[in-house]
Amino acid sequence: MCTGIGLVSQQGHPFWGRTQDFEQHFEYAGVKIPRGYEFTAAFTPFIADQNVMGIAWAKDLHQSPVLLDGINDYGICGGSFYFDHFFKYAATETIHSTGKLAIRGEELCTWILTHYRSLDEIKQRLSEDVGITNEVGPMMEMSVPLSFDEASSGLVGIPADYKPESRFLRASFAKLLSIDVDDDTAMNQVFQLLTTVNTPKGTLRIDQPETPVAWTQYTAGYDIQKKILYAFTYDNRNLRSLEYGDPATWGSELHYFSFISKQTTTPFVEKNQWMAGENTI
């Protein structure tokens, strides 16, 4: 159900953002993954070849962290998107017979960002390096299907309904019609475009006996050139940020950064005089 949008500023710099929409509660945290770190909880343990910063998720982050989105040393930036009903994963034995490493679906984003240095390298090596196993994992008692879509419904048939394909089109047209922006306003523009596809609780329900309710759990954005991550949550629109910094200072273990907190407010400021243009947007 998630939606992603990329923009290029007037200065030619790239920005990218995504919504994380889901119907289950997970733990989320910003994370810095140093080169050489071993993912021992992965289906097949593997070692990070690149430093990565992003947002990790899991039922227990300290037991089995995987990336939902992130950016690496070389500016490769992207994320995972749920893609139920239209996926087919292979048996582990089949993957091993082709000489590939077997990983779970939810580990794919982590693998890509910790191993590849360019989009061409991803295209050339990904299908040769790994295969997605159909064996269950700790996330959802399955190997999580990833890409964009899901089996869900919300105001179906009503103009601007909340079906994933409707939100994809809404985001696409919002981006197509959006104005050009510079470096200073590009990140805000990404968030404004993603706001058009935010899912309030109750508008999208999964067709299951218990009728779980999906919602936009967090929204993240990346200034790719400066390597800065921004995020806010459903319950707190105050924007948080995490800078990449110098990976030489990261050490050898994961570093977690919380961005989950309650909404706070800033009071209006009494101001009775101002310069021309100072008090307008």
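Tutor: Buried means under 20% relative accessible area, exposed over 50%, and partly exposed in between, with a 1.4 Å probe and protein chains only. This is a predicted model, in which local features need pLDDT of at least 70, side-chain atom pairs count only at pLDDT 80 or more, and totals for chains, interfaces and linings use all residues. Residues are numbered from 1 along each chain as its sequence is written, and side-chain values use heavy atoms, with hydrogens and water left out.

Student: What share of the residues in the protein is buried?

Tutor: The protein has 5 helices and 15 strands; helices (H or I, at least four residues) and strands (E, at least two) are DSSP runs, numbered from the N terminus. Of the 281 residues, the buried share is 48%.

Student: Is Phe-22 buried or exposed?

Tutor: The relative accessible area of Phe-22 is 2%. The cut-off for buried is under 20%, so Phe-22 is buried.

Student: How are the rings of Phe-22 and Trp-57 arranged?

Tutor: Rings of Phe, Tyr and Trp (its six-membered ring) pair if their centres lie within 6.5 Å; planes under 30 degrees apart count as stacked, over 60 as edge-to-face and the rest as tilted. The structure holds 11 such aromatic pairs. For Phe-22 and Trp-57 the centres are 6.0 Å apart and the planes are at 75 degrees, so the pair is edge-to-face.

Student: How many residues apart in sequence are the parts that this pair ties together?

Tutor: Trp-57 is also buried, at 2% relative accessibility. Phe-22 belongs to strand β2 (residues 14-22) and Trp-57 to strand β6 (residues 52-58), so the parts tied together are apart in sequence by 35 residues.

Student: The charged end of Arg-18 sits over which ring?

Tutor: A charge sits over a ring if NZ of Lys or CZ of Arg is within 6 Å of the ring centre and within 35 degrees of the ring normal. Lys-201 has its charged end over the ring of Trp-215, 4.8 Å from the centre. For Arg-18, the distance from the ring centre is 4.7 Å, and the ring is that of Phe-81.

Student: In what order do the 5 strands of the open sheet lie?

Tutor: Two strands pair if DSSP finds at least two bridges between them. Strand β3 (residues 27-33) and β15 run antiparallel and are joined by 3 bridges, and Lys-32 has His-255 in β15 as its bridge partner. The pairing in the open sheet is antiparallel, and the order is β8-β7-β6-β3-β15.

Student: Which are the edge strands of this sheet?

Tutor: An edge strand here pairs on one side only. The two that do so are β8 (77-79) and β15 (255-257).

Student: What is the phi of Lys-227?

Tutor: Most residues other than glycine have a negative phi. Lys-227 lies in the loop between β12 (213-223) and β13 (228-233), and counts as buried at 18% relative accessibility. Although not a glycine, Lys-227 has a positive phi of about 55 degrees.

Student: Through how many residues does a hairpin join β13 to β14?

Tutor: β13 and strand β14 (residues 236-243) pair in the antiparallel sense over 5 bridges. Thr-233 has as its bridge partner in β14 the residue Asn-236. The hairpin joins β13 to β14 through 2 residues.
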